[in-house]
Amino acid sequence: MAEFAAPAVGDWDFPRGTASIELMTRFAADRGLAAGRLLAATSLSADLLADPAAQVDARQELAVVRALAALDGSDATALELGRRYRVTTFGIFGFACISSPTLRDAMLLALRYFDLSFAFCIPNVVADGDRIAIELDNSRVPADVARFLVLRDLSAIFAVMRDLLPEIALDDLSFRHEASTVDAYRTAFGVEPRFGADACRATLDPAFLTLPLPQANEQTVALCAAQCEALVARRRQRSGISQQVRERLVRLGGVDAGMDEIARQLTLSTRTLRRRLAEAGTNYRALVDEVRQALAEELLDTGVLSVEDVAYRLGYAEASSFIYAFKRWTGMTPAAFARRFRAARQVPPGR
């Protein structure tokens, strides 16, 4: 039985591209809904959606989902919306999946770069007897859109899986909630689901995992995976909960106010902040060091402040503690760093 790791991130609060929001506005317009109300719920502009390189906070997309659900939050709408997400919707991430050798390889890649998706519900792929089960966890999704999003996300996952392997079929499908009609579910998934179950779960034969994908290409998937790695590294470095903590530390000039105070400013408990940072692959102390290093380099680069002055501005009681930390960060003392940059500025152009 295939083994699958957990997704790279454990929460929905990761930055996203704009393709999903643009898709939802087109979906609303196609259904005769007030598409303009979707963007009105955010600070986004139509021009921004047209920029393929733009990046938005997950809460902006969540606001669009809420606005759409307010117009028509039926199960049928959520499921039909999910079917609009095709493998090409996900850009380079989608091309990496479609170029993978097998469905198993594509699923492993999708979990590794999950924060390049547009999902809000967290998927887990587990062995379920002699079957493979995809379980969606929407426990951290706001309750008012939890049902809408679990339907949209699972419908989108299955639509993409069909793009990758057209013959794929589900054996079983279950949801926690109750349903008023099953027709839309049959259309989206090809099976009649069970309701009031213990989890949102889609089950399939593991034999599908080893079938070769029609568009598999070893060179293409390697190239796309490398681009996914670079993209996700940039996003993880400067976005989400980590970025919120960085911004507050920068406002404090790198002075460590303490994790309790930063959590209070973010209206989170210290325990929740610690957990969310761990899920983002970092911790509070690492972010304090990162901000202090960046500010220290900027201050030293001016050539105006002494090492003692920089240490004081960053909240160190003694210069020796700052010197020790800076050497740990960069491998050189603050004085050596400052001399290097002064020398670099004096080198004539073209030399």
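Predicted model: local features only at pLDDT ≥ 70, side-chain atom pairs only at ≥ 80, totals over all residues.
Of the contacts in this protein chain between residues at least 6 apart in sequence, 71% join residues at least 24 apart, where contact means heavy atoms within 4.5 Å. Residues are numbered from 1 along each chain as its sequence is written, and side-chain values use heavy atoms, with hydrogens and water left out.

**Overall picture**

- The chain's secondary structure comes to 17 helices and four strands; these are DSSP runs numbered from the N terminus, with helices being H or I of at least four residues and strands being E of at least two.
- Along its principal axes, the C-alpha trace spans about 70 × 45 × 40 Å.
- Of the 351 residues, 47% count as buried (buried is under 20% relative accessible area, exposed is over 50%, and partly exposed is in between, using a 1.4 Å probe and protein chains only).

**Nonpolar cores**

- The largest nonpolar core has 78 residues, and Leu-103, Leu-164 and Phe-189 have the most contacts inside it. Here a core is a set of buried Ala, Val, Leu, Ile, Met, Phe, Trp, Tyr and Cys residues joined through side-chain atoms within 4.5 Å.
- Helix α8 (residues 143-164) supplies the largest share of this core, at twelve residues.
- Another core lies apart from it, with 29 residues, among them Met-259, Tyr-284, Leu-287 and Tyr-316.
- Back to Leu-103: setting aside residues up to four places away in sequence, Leu-103 touches Met-161, Leu-164, Leu-165, Ile-168, Phe-208, Leu-209, Leu-211 and Leu-213.

- The axes of α1 and helix α4 (residues 58-71) come within 10 Å and cross at roughly 15°. Axes are lines fitted to C-alpha atoms, for helices over the stretch in contact, and angles run from 0 to 180 degrees between N-to-C directions.
- The α1 and α4 crossing is left-handed, a label used if the near helix is turned anticlockwise from the far one by less than a right angle, with right-handed used if clockwise.
- On the α1 side, Ser-20, Ile-21, Met-24, Phe-27 and Ala-28 meet Gln-60, Glu-61, Val-64, Val-65 and Leu-68 of α4.
- The residues of that α1 and α4 contact split into seven nonpolar, two polar and one charged. For the classes, Ala, Val, Leu, Ile, Met, Phe, Trp, Tyr, Cys and Pro count as nonpolar, Asp, Glu, Lys and Arg as charged, and the others, Gly among them, as polar.
- Helix α1 (residues 19-30) also meets helix α5 (residues 75-83), with axes that come within 11 Å and cross at roughly 125°, so α1 and α5 are oblique to each other.
- Leu-23, Met-24 and Phe-27 of α1 make this contact with Thr-77, Glu-80 and Leu-81 of α5, and the residues involved divide into four nonpolar, one polar and one charged.
- The crossing of α1 past α5 is right-handed.

**The α14 and α16 pair**

- Helix α14 (residues 284-302) and helix α16 (residues 319-330) have axes that come within 11 Å and cross at roughly 100°, so the two are roughly perpendicular.
- From α14, the contact uses Asp-289, Arg-292, Gln-293, Ala-296, Glu-297 and Leu-300, and from α16 Phe-322, Phe-326, Arg-328, Trp-329 and Thr-330.
- This contact divides into five nonpolar, two polar and four charged residues.

**Single residues worth a click**

- Arg-276 sits in helix α13 (residues 270-279) and counts as buried at 11% relative accessibility.
- Beyond its neighbours within four places in sequence, Arg-276 is in contact with Asp-11, Asp-13, Arg-59, Ile-241 and Leu-268.
- Thr-267 is in the loop between α12 (259-265) and α13, counts as exposed at 71% relative accessibility, and has a positive phi near 55° despite being a residue other than glycine.
- Arg-104, in helix α7 (residues 103-112), is partly exposed, with a relative accessible area of 27%.

Note on methods:
Parallel < 35°, antiparallel > 145°, perpendicular 65-115°, else oblique.
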